[in-house]
Amino acid sequence: MSTDTDIRTPAPPPPGAPREPGRRRSATRLGDRVFAGLSKGSGITLLVIMGAIAAFLAYRAAIALAKNEGNFLTTFEWNANAQPPVFGIAVLAFGTVVSSVIAMVIAVPIAVGIALFITHYAPRRLAAPIAYVIDLLAAVPSIVYGLWGALFLVPHLVGPYEWLDDLLGWTVVFSYDGGAPRSLMTAGILLAIMILPIITNVSREVFRQSPQTHQEAALALGATRWEVIRTTVLPFGRSGVISASMLGLGRALGETMAVATVLSPSAILSAKVLEPGGGTFAQNIASAFKEAGEFGRDALIASGLVLFVITLLVNGAARLIIARRKEYSGANA
Amino acid sequence: MSAPPVAERDAFAIHQPRLPRWAPAAVAVAAAAAAVAVGLGAGLASRVQWGLMAAVLFVAGLYAVSARAEGARKAKDRLATSLVWGAFLLAVIPLASLVWETVRQGVKVLDGYFLTHSMNGVVAIAPGGGIYHALLGTIEQVALATVIATPIGLLTGVYLVEYGRGRLAKAVTFFVDVMTGIPSIVAGLFVLSVWIMGLGFGYSGLAGSFALAILMMPIVVRSTEEMLKLVPNELREASYALGVPKWKTILQVVLPTSIGGITTGVMLAVARITGETAPLLLLVFGNPAINDNPFEGAQASLPLYIYEQWANGNDASYDRAWAAALVLIVFVMLLNLLARLIARFKAPKTGR
């Protein structure tokens with residue numbers, strides 16, 4: 001723009017031009033510079049916030065770890081208020097991983113099923129409303145899932161757990177002695193229900209984008225509906241499903257309220273996932289916060305830092321998978 | 001499965017043998033009858049077990065019948081259809097139950113009194129009290145968070161689409177993505193460590209809205225970015241051709257064109273943070289009385305109220321928790337629906 005005016009300067013100014021070019025150019029530049037600076041500054045602010053989160057959590061965590069008498073990684077109990085303080089994340093890490101894995105094992109196949117149902121199986125007239133409702137369900141706050149989980153799901157799981165105990169009790173993992181099933185399994189089931197809409201929505205988008213021409217080609221070769229899906233839709237959507245699952249996993253790892261309401265925490269590390277006990281990072285922070293003193297908070301922040309790093313890695317991996325997909329998906333679309 | 005003899009014999013027939021249309025229904029009836037028989041015979045009390053057995057028998061039976069009559073490929077297709085429908089039905093049960101329970105339990109104590117009174121002086125185990133203080137707190141905290149997060153998010157989105165080149169833009173894009181995945185409790189811990197433990201301020205609605213703003217920013221950036229990318233380049237070029245400077249082009253051409261989508265994004269972000277509980281637990285702390293000043297003193301908030309009432313652990317509190325949950329769901333759903341309506345009617349007009 002400015003070069004244009006430069007070239008034209010020797011020529012007489014066009015009739016009716018209200019201002020001389022020089023003044024207008026500098027005004028333009030000032031406005032542009034201010035606006036560009038503002039928007040760039042906002043971007044930098046975001047980076048600073050991310051950096052500050054890592055820095056402050058690490059600083060507080062360092063204070064806590066310096067005074068910790070137990071081994072942070074292998075200690076079971078969480079007694080940050082004791083003298084001397086003893087706390088460790090072994091139980092929390094175990095509980096977080098187990099409940100999230102249970103959630104993924106349940107949610108991913110079902111979510112893929114629903115996504116396929118919406119894109120390929122449901123009657124046309126039903127598909128759009130169903131997709132819409134599932135979109136809305138993704139917005140239900142986690143505390144509502146937590147309330148429902150604690151007051152409705154937990155009492156209704158006693159029967160199925162007893163049944164599981166009858167059938168699979170010999171595996172130890174699924175043994176169950178009765179009592180309120182406020183266990184890691186219950187937390188996992190509730191998390192699965194929570195992340196189902198998220199994984200479904202992303203998978204559905206990917207399946208919908210799978211090339212129509214491939215599907216028609218498969219049909220023309222005599223493939224059944226399932227063979228069309230297996231040979232064209234699923235391969236195309238695989239990386240999308242993986243990244244959707246990772247997003248769901250990130251949500252499950254960091255979920256606080258839904259776990260805090262359905263889990264009876266204890267410093268037990270047990271393979272019996274149907275029995276009450278255990279804990280997760282986020283749940284422990286929410287449950288222990290009100291009783292924690294100044295130092296107890298530092299300790300909780302240390303566990304929060306671990307959670308932060310884990311979710312960072314999971315989300316980063318998901319984004320890399322999405323980014324890689326972008327690069328080649330354009331060619332065969 | 002052994003090779004189906006019928007399919008082999010008719011391998012060169014134009015018409016593959018097909019099960020009649022009523023076959024799935026017949027298998028379903030047979031499966032249900034068998035399940036009832038086994039259930040009665042074995043004395044299983046739970047009707048859920050009967051249903052599960054019937055479902056398994058149906059899927060297996062249809063597969064067997066189809067494999068026999070139509071061949072393995074058709075049978076697999078039918079199996080996949082059964083499983084996909086099964087997945088859908090399996091997911092509908094808890095999600096429908098969630099909505100149904102919340103509405104059924106929530107309407108019990110939800111009335112004008114509940115919406116206009118606080119919990120001040122109400123004993124936890126007694127009925128009565130309301131959510132006025134919590135509603136007020138939530139609205140103030142969310143409004144503050146929106147005021148903080150929207151300008152930063154919007155400008156960052158503008159930066160990424162209109163200015164962003166090179167490494168900084170790439171870093172911002174990546175970290176915005178990563179920021180979307182920050183657990184809400186970690187955002188709460190961060191504000192706790194800076195604002196309350198570091199700078200020595202007390203619990204307040206403002207502290208909570210800082211955490212909410214951190215959770216809201218990446219969502220606003222993402223939706224702004226998506227919407228700005230939809231604005232056709234011809235519009236920008238036309239504006240430049242008229243000699244309009246870039247910043248004015250953005251403010252008067254690009255943003256107005258995409259304002260519908262951006263509004264939708266902001267509202268969806270608001271809906272998302274309205275339901276956040278964990279950071280408020282650490283920063284706002286909860287308060288049974290009305291505190292209309294978000295800058296000073298502990299406040300209540302709707303999600304936090306639900307958690308507290310649940311934690312009280314008695315029937316009167318549970319009723320209040322359900323009613324508050326119903327109010328929260330309705331509020332969030334209305335925001336969502338409104339946002340989608342705006343998106344539909346104010347979508348950027350492309351290709352004209």
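Which pattern does chain B follow, read along the sequence? Chain B follows α-α-α-α-α-α-α-α-α-α-α-α-α-α. This is a predicted model, in which local features need pLDDT of at least 70, side-chain atom pairs count only at pLDDT 80 or more, and totals for chains, interfaces and linings use all residues. Residues are numbered from 1 along each chain as its sequence is written, while chains are lettered from A and ligands numbered from 1 in the order in which they are written.

**View 1. Chain B has 14 helices and zero strands.** Helices (H or I, at least four residues) and strands (E, at least two) are DSSP runs, numbered from the N terminus. The domain assignment gives domain 1 (5-105) and domain 2 (132-345) in chain B. Such bounds come from an automatic or database domain assignment. The centres of the two domains, taken over C-alpha atoms, are 45 Å apart. The C-alpha trace of chain B spans about 80 × 70 × 35 Å along its principal axes.

**View 2. Chain B meets chain A.** Here 77 residues of chain B are in contact with 67 residues of chain A. Two residues are in contact if their C-beta atoms, placed from the backbone, lie within 7 Å. Helix 4 (residues 72-106) of chain B gives the most to its side, with 19 residues. That side of chain B holds 56 nonpolar, 12 polar and nine charged residues. Ala, Val, Leu, Ile, Met, Phe, Trp, Tyr, Cys and Pro count as nonpolar, Asp, Glu, Lys and Arg as charged, and the others, Gly among them, as polar.

**View 3. Helix 13 (residues 302-312) of chain B is largely enclosed by the rest of the structure, because nine of its 11 residues are buried.** A residue is buried if 20 or more other C-beta atoms lie within 10 Å of its own, exposed if 12 or fewer, and partly exposed in between; C-beta atoms are placed from the backbone. Among the buried residues are Leu302(B), Tyr305(B), Glu308(B) and Trp310(B). Just after helix 13, Gly313(B) takes a positive phi of about 70 degrees.

**View 4. Val262(A) lies in helix 10 of chain A.** Val262(A) is buried, with 32 other C-beta atoms within 10 Å. Not counting residues up to four places away in sequence, Val262(A) touches several residues, including Gly146(A), Leu153(A), Arg182(A) and Leu190(A). Tyr145(A) is 117 residues away along the chain, yet its C-alpha atom is 9.9 Å from that of Val262(A).
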